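Please open the model in your viewer and keep the sequence panel beside it.

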Amino acid sequence: MLLPITLTTSAMLAFWSLALVAGAGVVGAPTALVFPPDYTARQSLEAASQLDAAIVAIGSRPFIIVIIPRSPLTQTEMRDAGALFAAGGGGSIFCATES
């Protein structure tokens, strides 16, 4: 009985994750970069500044940076800059700033 629930949940999470990753790095669209949790805001900003993108916000944590690419960015380019994960479109839910 538990197996169908586990499989359904896993499939939904995989689909949602792929949708977020697929939208990352698109020119003109916000992309959330998640750096290692021990990064300070300065380290995250310095890492993000290596990319051809405008830095538009710091997320709710100092290791989350929102960029808007000026040219297409691949997952490899974003990882090479230090990002553990990059999410586009719906990934902005991870980036809400604290008020």
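Which residue in β3 is the bridge partner of Ala57? Select Ala57 and look across to β3, where its bridge partner is Val66.

Before going further, note that this is a predicted model, in which local features need pLDDT of at least 70 and side-chain atom pairs count only at pLDDT 80 or more, while totals for chains, interfaces and linings use all residues. Residues are numbered from 1 along each chain as its sequence is written, and side-chain values use heavy atoms, with hydrogens and water left out.

**The whole chain**

Followed along the sequence, they give the pattern α-β-α-β-β-α-β. Of the 99 residues, 31% are buried, a word that here means under 20% relative accessible area, with exposed meaning over 50% and partly exposed in between (1.4 Å probe, protein chains only).

**The sheet**

Now select the four strands, which form an open sheet in the order β2-β3-β1-β4 with antiparallel pairing; two strands pair if DSSP finds at least two bridges between them. β2 and β4 (85-88) stand at the edges with a single partner strand each, so one side of each is left without a neighbour in the sheet.

Moving through the sheet, five bridges join β2 to β3, four bridges link β1 and β3, and β1 and β4 likewise pair over four bridges. To see examples, select Leu33, whose bridge partner in β3 is Ile65, and then Ala32, which stands opposite Ala87 in β4.

Leu33 deserves a stop of its own, since leaving aside neighbours within four places in sequence, Leu33 is in contact (heavy atoms within 4.5 Å) with residues including Ala48, Leu51, Phe63, Ile67, Met78 and Phe85.

Next, select Leu33, Phe35, Ala48, Leu51, Ile67, Leu73 and Met78, the residues with the most contacts inside the largest nonpolar core, which has 17 residues. A nonpolar core is a set of buried Ala, Val, Leu, Ile, Met, Phe, Trp, Tyr and Cys residues joined through side-chain atoms within 4.5 Å. β1 (31-34), α2 and β3 each supply at least two residues of this core, and β3 gives the most, with three residues. In soluble globular proteins, nonpolar side chains tend to be buried together.

**Two salt bridges**

Finally, turn to the charged side chains, where the structure holds two salt bridges, each being a side-chain nitrogen of Lys or Arg within 4 Å of a carboxyl oxygen of Asp or Glu. For one of them, select Arg42 and Glu46, whose closest N and O atoms are 3.0 Å apart; both residues lie in helix α2 (residues 41-48), four residues apart, about one turn of the helix. Arg42 is exposed at 61% relative accessibility, whereas Glu46 is partly exposed at 42%.

For the other, select Asp52 and Arg70, whose closest N and O atoms are 3.6 Å apart. Asp52 lies in the loop between α2 and β2 (53-58) and Arg70 in the loop between β3 (64-69) and α3 (75-80), so the pair ties together parts that are 18 residues apart in sequence. Here Asp52 is partly exposed at 37% relative accessibility, and Arg70 is exposed at 53%.
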